[in-house]
Amino acid sequence: MIVKEINDIKRINLHLHTNVSDGSLSPKTLVNKAREIGLDLISITDHDTADAYAQIPENVSPLRILPGVEISSRYEDDDVHILAYGCDLTNKALQEMMEMYLVGRKERAKKMISILADMGIKISLEEVISVAGSRELIVRPHIAQVLVKHGFCQTKNEAFDKYIGNNKPAYVPKPEVSVAEAVSIIHKAEGVAVIAHPGKLTKLSYIDDFIPMGIDGLEVWHPDHYQWEIDNLINIAMKNGLYMTGGSDFHSEQDKHNLFDIIPLPEIVIQSIKELWKEYQCRALSR
Ligand SMILES: [Zn+2]
Ligand SMILES: [Zn+2]
């Protein structure tokens, strides 16, 4: 049954953001769009929250949805994003980590707004919260949006370059969970831990450090990866028996990651994702 069903999975996108974190489409709109264009398998991977899953229709057939979350973590000087796929989203440890991020991000926004105020740039927390939406999960693009609205910057990019980008004057780091800790929580929740866009790591050799921590896969295909990086990541994954995944990191129809339907996943990656889907289904059935 599972195997027969797997054969018709071809069009896949396992990295999509909604307005529950810093994307622009609602989970429902995003799912409808995916169905319209005929995608076979997707994952919504918002930053540190799985709340999108409460907002999508129960029956999305023939589309299949692999539950996902993009977990923030830290290793040495690097922000490491980990795609947690197929987790039991009701798992207590996972929920506690997501709650910690929610509270921590709000505290962080307060600090950033207060530094900006000291610089003579006055915006209110209330306005940033209203941009962030009902869950009040505040990410830096929300602050950037308010800065642009009040004319302190022309664009969101300028807001990052001048004020809130990494190591800029009003930058405050996020609350931190180590890569090892995040992987362990994902495993407790019966999920699979995949390093997101490894091409963005400060050093590719960090992957060698993550393997003993128990990571299960690498996001081989990402719009920011060059072909040589994709080839390189496929080699590393094959050598170490890791899953290979891919997705467009879609945020909004306006930005450069506006890749929703046409994702040129190498055949070997599609095969690996099918294995991952099969494993998820087996685990989910036994829950
Ligand atoms: Zn990311
Ligand atoms: Zn992402």
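Buried means under 20% relative accessible area, exposed means over 50%, and partly exposed is in between (1.4 Å probe, protein chains only). Keep that handy for the exercises below.

This is a predicted model, where local features need pLDDT of at least 70, side-chain atom pairs count only at pLDDT 80 or more, and totals for chains, interfaces and linings use all residues. Residues are numbered from 1 along each chain as its sequence is written, chains are lettered from A and ligands numbered from 1 in the order in which they are written, and side-chain values use heavy atoms, with hydrogens and water left out.

**Exercise 1. Find the protein donors of the zinc ion (ligand 2) and say what arrangement they make.**

Step 1: Look for donors, meaning N, O and S atoms within 2.8 Å of the metal (3.2 Å for Na, K and Ca); water is not among the atoms, so sites may look incomplete.

Step 2: Check the angles. Four donors are tetrahedral if all angles lie between 85 and 135 degrees; four are square planar and six octahedral if opposite donors are over 155 degrees apart and all others between 65 and 115; anything else is irregular. Here the four donor atoms subtend 81 to 172°, so the arrangement is irregular.

Step 3: Check accessibility. H17 is buried at 0%, and D249 is buried too, at 5%.

**Exercise 2. Work out which residue bridges the two zinc ions.**

Step 1: List the protein donors of the zinc ion (ligand 1): E70 (OE), H81 (ND1) and H197 (NE2), lying 2.1 Å from it.

Step 2: Spot the bridge. E70 links ligand 1 and ligand 2, which lie 3.5 Å apart.

**Exercise 3. Decide whether C87 is in a disulfide or in none.**

Step 1: A disulfide is a pair of cysteine sulfur atoms within 2.5 Å. Searching the whole structure turns up zero of them.

Step 2: C87 is in none, and its nearest cysteine sulfur, that of C282, is 16 Å away. That's too far for a bond.

Step 3: Compare accessibility. C87 is buried at 3%, whereas C282 is partly exposed at 44%.
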